[in-house]
Amino acid sequence: MGQALPPWLERGLADLFPAGESADPDQSLAGRLQQAAGAERPLRIKLGIDPTGSDIHLGHSILFRKLRAFQDAGHTAVLIIGDFTARIGDPSGKSATRVQLSAAEVEANADTYLTQLGLGQPPERALLDFTTPGRLEVRRNSEWLAGLDLPQVIELLATSTVGQMLAKEEFANRYGSGTPISLHEFLYPLLQGYDSVAVASDLELGGTDQKFNVAMGRDLQRHFGQRPQFGLLLPILPGLDGVQKMSKSLGNTVGLNEGPLAMYSKLEKVPDAVADHYLTLLTDLDPAHWPSSPRERQKTLALAITASRHGLEAASAAQADAANLVAGEMKAQTVPEASLAAIPFPAKAFHLLSSLGLCASSSEARRQIQGGGVRLDGEKLTDLTLEFSAASELEGKVLQLGKKTFVRLVP
RNA sequence: GGGUCGGUGCCCGAGUGGUUAAUGGGGGCGGACUGUAAAUCCGCUGGCUCUGCCUACGUUGGUUCAAAUCCAACCCGGCCCA
């Protein structure tokens, strides 16, 4: 009989492989943990991130939360910034070839990522523990990938077959539907797998869509004479629509950078069907204490998640504000401010909306006004030609777009 | 390399010489409704401080009073053959 895994590790697991029950440290993670504890050697937990976008959202954060849990248990997080592989583009979950990024873009994205993960902040405020010695290694895979020579690349390619590659679901779908697959995309799983070799990983974290790549890491570690890593996969977080995965391109995300009010008011309306996933994957609340009313459940998860990012005080304030705003009252204290300094006066009302970034374009702003979606201090604007002659006319007023976007105008 | 089909707005997809930013769907945004949401119904969905002016149907040129629609070259892709 094998030992049980600790609850913090099991929470929210979608897949763990190999999942042997024995005490064999090569087949059972419980065995491996025990062996590590006995040898006082922390495990090396690999998580690769693809710095292709600049904003981290809750969907990403479930992996970081798990990585943090390993850190807090004394293990070493090996965060691999895929600066080299980002220039290829991960074909996972993609229906088309990804755009390749320039080295400069990738580097800028990587910096933004680390900042959002909490670089420079104390562990209690940050997503990852950046400060405790021995808990974090940040590596870039260009360190080892950029220097590979052709014979080494060929060795990598030789470990896998076209049939294996085409067995990967995304490739199969694309091939089957006639969507182009460039040859270099086959290199991605191999290079990501080689990352595991380069950092001698004991366990790799990933979403369920990463199973192929994580398994590839095991194959390559074996090929290069290393002990293969465990693969620990977490579910893909459904987005705010409750159906598709959370993804920026689908517009169903909650960004870690969002303010408390925006975060809370988005989260309090996640569809009931996915509320439990959010509670499991994004909070530490004990399921025994989850409220039974669906509406209360939404509020609980929204409060807990917002608090984990902004602190309980700010989250509670956001909760109160959200209730007020929905009730149509204008009491919010935490309405973000927008400066009028850059607006040239006289200014048309629709120009104001686009210049302040509430609307994507001034044409859209006109349409919103026509559609009755714009209010100033609670009063609906209807006149397209409305013009303000000076900033002083607007200072201190609250401009509202739709039900959830508010901005307090300041000089 | 050869043959063949194709590249339309955020996405899919009509249109195949003639008012009009270009049918329809999806998605998105706004309004009503509601426990927030969903569902449903309604409106909007290229840009511009806009009673008008720009830019648009792969790219560049051409034919024409007039082109997304015809012609040419080029670029990109699918399929079949090599």
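Predicted model: local features only at pLDDT ≥ 70, side-chain atom pairs only at ≥ 80, totals over all residues.
One of the pairs joins tryptophan 8 and phenylalanine 70, edge-to-face at 5.0 Å centre to centre with 90° between the planes. Tryptophan 8 sits in helix α1 (residues 7–10) and phenylalanine 70 in helix α3, so the contact ties together parts that are 62 residues apart in sequence. Phenylalanine 70 is buried at a relative accessible area of 1%, whereas tryptophan 8 is partly exposed at 30%. Here buried means under 20% relative accessible area, exposed over 50% and partly exposed in between, with a 1.4 Å probe and protein chains only.

Tyrosine 194 and phenylalanine 224 form an aromatic pair too, edge-to-face with 5.6 Å centre to centre and 65° between the planes. Tyrosine 194 belongs to helix α9 (residues 187–199), and phenylalanine 224 to the loop between α10 (211–223) and β6 (230–234), 30 residues apart. Tyrosine 194 counts as buried at 16% relative accessibility, while phenylalanine 224 is partly exposed at 31%.

Now follow helix α3 to the second largest pocket. α3 (58–72), α12 (272–282) and α13 (294–310) each supply at least two residues of its lining, and α3 gives the most, with 8 residues. In total 32 residues line this pocket, with Arg65, Leu127, Leu282, Asp284 and Ser308 nearest its centre. A pocket is an open set of points on a 1 Å grid over the protein atoms alone where a 1.4 Å probe fits, with protein on both sides within 12 Å along at least five of seven lines; lining residues have an atom within 4 Å of a point. The space in this pocket is about 680 Å³. Its lining divides into 16 nonpolar, 7 polar and 9 charged residues.

Stepping back, chain A has 16 helices and 13 strands, taken as DSSP runs (H or I, at least four residues; E, at least two). Buried residues make up 45% of its 411 residues. Of the contacts (heavy atoms within 4.5 Å) with a separation of 6 or more, 69% are between residues 24 or more positions apart.

Residues are numbered from 1 along each chain as its sequence is written, and chains are lettered from A in the order written. Local features need pLDDT of at least 70 and side-chain atom pairs 80 or more, while totals for chains, interfaces and linings use all residues; side-chain values use heavy atoms, without hydrogens or water.

Key
Points joined across faces, edges and corners; volume = space filled by probe spheres on them. Nonpolar A, V, L, I, M, F, W, Y, C, P; charged D, E, K, R; others polar. Phe/Tyr/Trp six-rings, centres within 6.5 Å; stacked < 30°, edge-to-face > 60°.
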